[in-house]
Amino acid sequence: MNTVDILFYLLSAFAIVSATMVLISKNPIHSVLWLILVFFAISGHYILLNAQFLAIVNIIVYAGAIMVLFLFVIMLMNIKKDAEPQKQLLVKLTGVIAGGSLLTLLIAVVKQTAQIQNKQVLLKEGTIGLIHPLGKALFSDYVIPFEISSVLFLSAMVGAVIIGKK
Amino acid sequence: MSIQYYIILCLTLFSIGVVGVLTRRNAIIVFMCIELMLNAVNLLLVAFSKMYHGMALQNAADTTAGIDAQIFVFFIMVVAAAEVSVGLAIIVMMYRNTHSVDINFLNRLKN
């Protein structure tokens with residue numbers, strides 16, 4: 001077991017525990033903070049996979065921008081800790097059972113699929129995750145989707161302002 | 001590292017997101033669980049891209065195979081950012097109308 005394996009297991013456990021805490025926390029602000037930890041763990045996974053650009057973008061966009069937006073909205077609303085009425089126990093149990101069955105089924109499928117047996121993921125090698133090849137691909141093959149996404153941002157901005165002004 | 005470990009990790013994160021959507025009533029938490037599911041899918045896409053890249057490297061030394069998945073992840077992040085801005089605006093509007101973020105109040109379309 002080398003360093004990369006240990007880092008993988010550590011980051012995975014960190015991500016899963018934090019994701020579970022997002023669900024368990026009663027206070028929405030604590031949920032947001034736990035979700036930021038999940039994003040940092042996922043960024044660590046990206047660095048482990050040598051996808052450095054995506055790791056930085058994940059931290060800047062998700063942990064930096066989106067989660068601050070969530071925090072702003074929660075603090076703007078001034079939601080009380082116990083304002084959220086709890087669902088009935090039966091509904092909660094049903095949700096957990098449904099999610100657990102989905103997970104069990106998918107893991108069973110993954111264990112048996114022949115195409116992915118003995119396939120290795122390239123860790124800390126490979127140059128496709130660096131900025132130079134990604135930028136080349138983005139501005140040559142994917143330049144039209146890139147420009148369309150700017151229009152999408154403009155429409156999202158206009159939509160958010162219009163919805164918020166009512 | 002075998003690809004199966006990555007698949008199982010991402011499936012676990014995705015299922016946690018599904019359970020959150022099914023069990024919580026706070027609209028903001030439901031929205032955050034959707035973000036969690038998006039991130040699980042992103043991580044799986046990057047893992048598959050590196051798997052494919054490793055297989056392509058055995059044939060050609062300077063290949064860029066598998067770079068499309070990372071561009072896709074970038075676009076997923078772009079769309080997620082746009083989606084969050086509109087979604088949170090809708091949640092704020094809902095809070096102004098009902099003074100609550102409980103999703104069970106949103107059943108007016110039922111009748």
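A:Asn50 is found in the loop between H2 and H3 of chain A; helices (H or I, at least four residues) and strands (E, at least two) are DSSP runs, numbered from the N terminus. The phi angle of A:Asn50 is positive, about 60 degrees, although this residue is not a glycine. A:Asn50 is partly exposed, with 19 other C-beta atoms within 10 Å. On this scale a residue is buried if 20 or more other C-beta atoms lie within 10 Å of its own, exposed if 12 or fewer, and partly exposed in between, the C-beta atoms being placed from the backbone.

The model is a predicted one, in which local features need pLDDT of at least 70 and side-chain atom pairs count only at pLDDT 80 or more, while totals for chains, interfaces and linings use all residues. Residues are numbered from 1 along each chain as its sequence is written, and chains are lettered from A and ligands numbered from 1 in the order in which they are written.

**Loop residues of chain A**

A:Ala51 also lies in the loop between H2 and H3 of chain A. Is A:Ala51 buried or exposed? A:Ala51 is buried, with 29 other C-beta atoms within 10 Å. Not counting residues up to four places away in sequence, A:Ala51 touches A:Tyr46, A:Gly129, B:Val46 and B:Gln70; two residues are in contact if their C-beta atoms, placed from the backbone, lie within 7 Å. The C-alpha atoms of A:Ala51 and A:Ala41 are separated by 14 Å, and these two residues are 10 residues apart along the chain.

A further positive phi, near 60 degrees, belongs to A:Asn118, a residue other than glycine. A:Asn118 has its place in the loop between H4 and H5 of chain A. With 8 other C-beta atoms within 10 Å, A:Asn118 is exposed.

**Chain A as a whole**

Chain A has 6 helices and 0 strands, and its pattern along the sequence reads α-α-α-α-α-α. The radius of gyration of chain A is 20 Å, whereas a compact globule of 166 residues would have one near 15 Å. This radius is taken over C-alpha atoms, and the globule rule is 2.2 Å times the number of residues to the power 0.38. Along the principal axes, the C-alpha atoms of chain A fill a box of roughly 50 × 40 × 30 Å. Of the 166 residues in chain A, 23% are buried. Among the contacts in chain A between residues at least 6 apart in sequence, 62% join residues at least 24 apart.

**The contact between the chains**

Chain A gives 69 residues to the contact and chain B gives 59 residues. The elements of chain A that supply two or more residues to the side touching chain B are helix H1 (3–24), H2, helix H3 (52–77), H4, helix H5 (131–140) and helix H6 (143–165). The residues of this side divide into 51 nonpolar, 12 polar and 6 charged. Here Ala, Val, Leu, Ile, Met, Phe, Trp, Tyr, Cys and Pro count as nonpolar, Asp, Glu, Lys and Arg as charged, and the others, Gly among them, as polar.

Two packed helices are described by the angle between their axes and the distance between the axes. Axes are lines fitted to C-alpha atoms, for helices over the stretch in contact, and angles run from 0 to 180 degrees between N-to-C directions.

| Helix of chain A | Helix of chain B | Axis distance | Angle |
|---|---|---|---|
| H2 (residues 28–48) | H2 (residues 27–57) | within 11 Å | roughly 5 degrees |
| H4 (residues 89–112) | H1 (residues 3–23) | 9 Å | about 160 degrees |
| H6 | H3 (residues 67–98) | within 9 Å | roughly 10 degrees |

Angles under 35 degrees count as roughly parallel, over 145 as roughly antiparallel, 65 to 115 as roughly perpendicular and the rest as oblique. H2(A) and H2(B) are therefore roughly parallel to each other. The residues of their contact comprise 13 nonpolar, 3 polar and no charged.

H4(A) and H1(B) are roughly antiparallel to each other. By class, their contact has 13 nonpolar, 6 polar and 1 charged residues. Among the residues that meet here are A:Lys92 and A:Leu102 in H4(A), and B:Gln4 and B:Leu11 in H1(B).

H6(A) and H3(B) are roughly parallel to each other. Their contact divides into 15 nonpolar, 4 polar and no charged residues. The residues in this contact include A:Pro145 and A:Phe153 in H6(A), and B:Phe75 and B:Met93 in H3(B).
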